Amino acid sequence: MEPTLSRHYHLDVEVGPEQIGQVERILAAHLRHWGLRTLADPVCHCTRMLLQDIEDHGADKTAVVEMWWTGQHLVTAVSDHNRELPAAQAERQDLSSRIAEWSDGWGSYPAPTGRTVWFTCRVRLPEPEPLAAAVPVPG
């Protein structure tokens with residue numbers, strides 16, 4: 001088994017309807033390149049939701065998308081310059097529950113210049129096949 005290298009990807013985005021789809025394609029391509037094709041759907045889905053939230057509610061439409069691969073977990077973070085969360089509590093809870101559904105963990109924190117929302121996805125190993133009992137050889 002060869003050692004897994006940690007990896008990092010950084011993307012500056014001016015959020016708009018066309019850019020959200022472009023970001024999804026870029027992230028999916030990087031995940032395929034890193035051998036993490038199975039993580040493309042959850043990562044792209046969660047990132048789309050976060051960028052759409054910036055598009056819908058953010059005063060500043062600039063964002064940074066980053067991915068870190070540790071060898072076991074992929075951490076994806078979306079940072080922007082908006083300190084306010086969506087106005088409606090129901091929208092905030094809906095976004096949080098959808099990200100929790102698609103990821104293995106998530107969180108958010110205020111930054112000096114805005115906010116960051118992150119989520120993690122871990123690579124699941126294939127289920128091992130049950131071992132068949134060996135037939136005894138007559139002796």
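## The E4–E5 hairpin

Strands E4 and E5 form a hairpin, with 2 residues between them. In this predicted model, the two strands run antiparallel and are joined by 7 bridges. One of the facing pairs is Trp-106 with Phe-119, the latter lying in E5.

Strand E5 comprises residues 114-122 and is mostly covered, since 7 of its 9 residues are buried. E5 also pairs with E3, in the antiparallel sense and over 8 bridges. Within E5, Cys-121 is the bridge partner of Leu-74, and Arg-115 stands opposite Asp-80.

In general, the strands of a sheet pair through backbone hydrogen bonds, in either a parallel or an antiparallel manner.

## Helix H1

Helix H1 spans residues 17-33, which makes 17 residues. The distance from its first C-alpha to its last is 25 Å, close to the 24 Å expected at 1.5 Å a residue.

Which residues of H1 are buried? They are Ile-20, Gly-21, Val-23, Glu-24, Leu-27, Ala-28 and Leu-31. These residues lie on the same side of H1 because they cover an arc of only 155 degrees around the axis. The elements covering them include strand E1 (7-14), helix H2 (40-57), strand E2 (62-69) and strand E3 (73-80). On the other side of H1, by contrast, Glu-18, Arg-25 and His-33 are exposed. Just after the helix, Gly-35 adopts a positive phi of about 80 degrees.

## Helix H2

Helix H2 has 18 residues. From first C-alpha to last, H2 reaches 25 Å, which is close to the 26 Å expected at 1.5 Å a residue.

The buried residues of H2 are Ala-40, Pro-42, Val-43, Cys-44, Cys-46, Thr-47, Met-49, Leu-50, Leu-51, Asp-53 and Ile-54. Ile-54 is also among the residues in contact with Asn-82, a residue considered in the next section.

## Asn-82 in its loop

Asn-82 is placed in the loop between E3 and helix H3 (89-102). Is Asn-82 buried or exposed? Its relative accessible area is 8%, and Asn-82 is therefore buried, as the cut-off for this class is under 20%.

The side chain of Asn-82 reaches the backbone nitrogen of Ala-59 at a distance of 3.0 Å. When neighbours within four places in sequence are left aside, the residues in contact with Asn-82 are Ile-54, Gly-58, Ala-59, Asp-60, Gly-114 and Arg-115. Of these, Ile-54 is one of the buried residues of H2, and Arg-115 is the residue of E5 that stands opposite Asp-80.

How values were computed:
Residues numbered from 1 in each chain as written. Predicted model: local features only at pLDDT ≥ 70, side-chain atom pairs only at ≥ 80, totals over all residues. Heavy atoms only, no water. Helix = DSSP H or I, 4+ residues; strand = E, 2+ residues; numbered from the N terminus. Expected span 1.5 Å × (residues − 1). Buried < 20%, exposed > 50% of the residue type's maximum accessible area, 1.4 Å probe, protein only. Arc of directions from axis to C-beta. Contact = heavy atoms within 4.5 Å. Polar contact = N/O pair within 3.5 Å; in protein donor to acceptor, adjacent residues only side chain to side chain. Pairing = 2+ DSSP bridges.
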